[in-house]
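Student: I'm new to this one and would like to go through it piece by piece. Could we take it as questions and answers?

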Amino acid sequence: MRALKVLALSAALVSMPLIAAAELTFNHTITGEALDLSDAEGADTPAAQHFLETGENLYTEVPNCLAEGEQTFLASCSGCHGHVGEGKIGPGLNDDYYTYPKNKTDKGLFETMWGGARSMMGPHSDLGVDESLKVIAWIRHFYKDDPAEATWLTEEQKANFEPYDAEHPTSVEATGECKVPEGKS
Ligand code: HEC
């Protein structure tokens, strides 16, 4: 009986670090400190789980997800960054230049949103993981420069990507729920 208990306990101890090790570490953009995502909202959707493990955003260029991301961007970010990221008191988010080069990866962009940066750029962790990924997808969608510089896109996405027309901004119409495409995650 006792031996069984010990066995069960050690099995639990062995499996726990394995789960933790599958997740990436996320760091604050300015201080480099690890961000605490243990109580993060919206961390349990397939897209959020996939992102926390790989840093890959499965909502990139998924139309129904872009529509939601745009709404959240308009509510939480556009006041400082402009309607389509053209820049206001906050820097432009629609070109191939970033103050913090890591924002050219979705993991880096997430870290900057989650933990904030300097001055007026406060933390936006209240959005939760899943919603942040939709906002990131929308930010990537209104990118207006050369797709070759879009390090956040896969080769296939680069080949199909149309730079955003910032002079004539258009929304993406949603036709249903935001879902991860079949065969992903
Ligand atoms: C109150 C104004 C304000 C709001 C709201 C705001 N930002 Fe910012 N943001 C700034 C400022 C100012 C900076 C420049 C900070 C710095 O350089 O450290 C910045 C910087 C950034 C950067 C770094 C850009 C670069 O060039 O590396 C990103 C990415 C960013 N913001 C994304 C967002 C997103 C996404 C939202 C909405 C969830 C948001 N911000 C909301 C003011 C704001």
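Student: Which residues of α3 are buried?
Tutor: Keep in mind that this is a predicted model. A residue counts as buried here if 20 or more other C-beta atoms lie within 10 Å of its own. In α3, the ones that pass are Cys 65, Leu 66, Glu 68, Gly 69, Glu 70 and Phe 73.

Student: How far does α3 reach from its first C-alpha to its last?
Tutor: α3 has 14 residues, and we expect 1.5 Å a residue. The expected span uses one less than the number of residues, and for α3 that comes to 20 Å. The reach in the model is close to that value: 20 Å.

Student: How are α3 and α6 placed, roughly parallel or roughly perpendicular?
Tutor: Two packed helices are described by the angle between their axes and the distance between the axes. Here the axes come within 7 Å and cross at roughly 95 degrees. Angles of 65 to 115 degrees count as roughly perpendicular, so α3 relative to α6 is roughly perpendicular.

Student: How many residues in the contact of α3 with α6 are charged?
Tutor: On the α3 side we have Cys 65, Leu 66, Glu 68, Gly 69, Glu 70, Thr 72 and Phe 73, and they meet Glu 131, Lys 134, Val 135, Ala 137, Trp 138, Ile 139 and His 141 in α6. Sorted by type, seven of the contact residues are nonpolar and three are polar. The number of charged ones is four.

Student: α6 keeps coming up. How many of its residues are buried?
Tutor: α6 covers residues 129-141, which makes 13 residues, and its end C-alpha atoms are 18 Å apart, in agreement with the 18 Å it should span at 1.5 Å a residue. This helix is mostly covered. The buried count is 13 of 13.

Student: What is the angle at which α2 and α6 pack?
Tutor: Their axes lie 8 Å apart. The two helices are roughly perpendicular to each other, a label that takes in 65 to 115 degrees. The angle itself is about 80 degrees.

Student: Which residues of α6 make that contact with α2?
Tutor: α2 brings Ala 47, Ala 48, Phe 51 and Leu 52. Counting both sides, the contact has six nonpolar residues, no polar ones and one charged. The α6 residues are Val 129, Asp 130 and Leu 133.

Student: How many residues in the contact of α5 with α6 are nonpolar?
Tutor: α5 supplies Asp 106, Leu 109, Phe 110, Met 113 and Trp 114, while α6 supplies Ser 132, Ile 136 and Ile 139. One of these residues is polar and one is charged. The nonpolar ones number six.

Student: What is between α5 and α6? Is Ser 119 buried or exposed?
Tutor: Ser 119 sits in the loop between those two helices. Its phi is positive, about 40 degrees, although it is not a glycine. It has 8 C-beta neighbours inside 10 Å, so it counts as exposed.

Student: Which residues is Ala 117 in contact with, leaving aside neighbours within four places in sequence?
Tutor: Ala 117 lies in the loop between α5 and α6. With 19 C-beta neighbours inside 10 Å, Ala 117 counts as partly exposed. Its C-alpha is separated by 9.4 Å from that of Tyr 100, which is 17 residues away along the chain. The contacts are Thr 29, Ile 30, Tyr 100 and Thr 112.

Student: Where does Glu 61 lie?
Tutor: Glu 61 has a positive phi near 60 degrees, though it is a residue other than glycine. With 17 C-beta neighbours inside 10 Å, Glu 61 counts as partly exposed. Its place is the loop between α2 and α3.

Terms used: Residues numbered from 1 in each chain as written. Predicted model: local features only at pLDDT ≥ 70, side-chain atom pairs only at ≥ 80, totals over all residues. Helix = DSSP H or I, 4+ residues; strand = E, 2+ residues; numbered from the N terminus. Buried ≥ 20, exposed ≤ 12 C-beta atoms within 10 Å, placed from the backbone. Contact = placed C-beta atoms within 7 Å. Nonpolar A, V, L, I, M, F, W, Y, C, P; charged D, E, K, R; others polar. Axes fitted to C-alpha atoms, helices over the stretch in contact; angles between N-to-C directions. Parallel < 35°, antiparallel > 145°, perpendicular 65-115°, else oblique.
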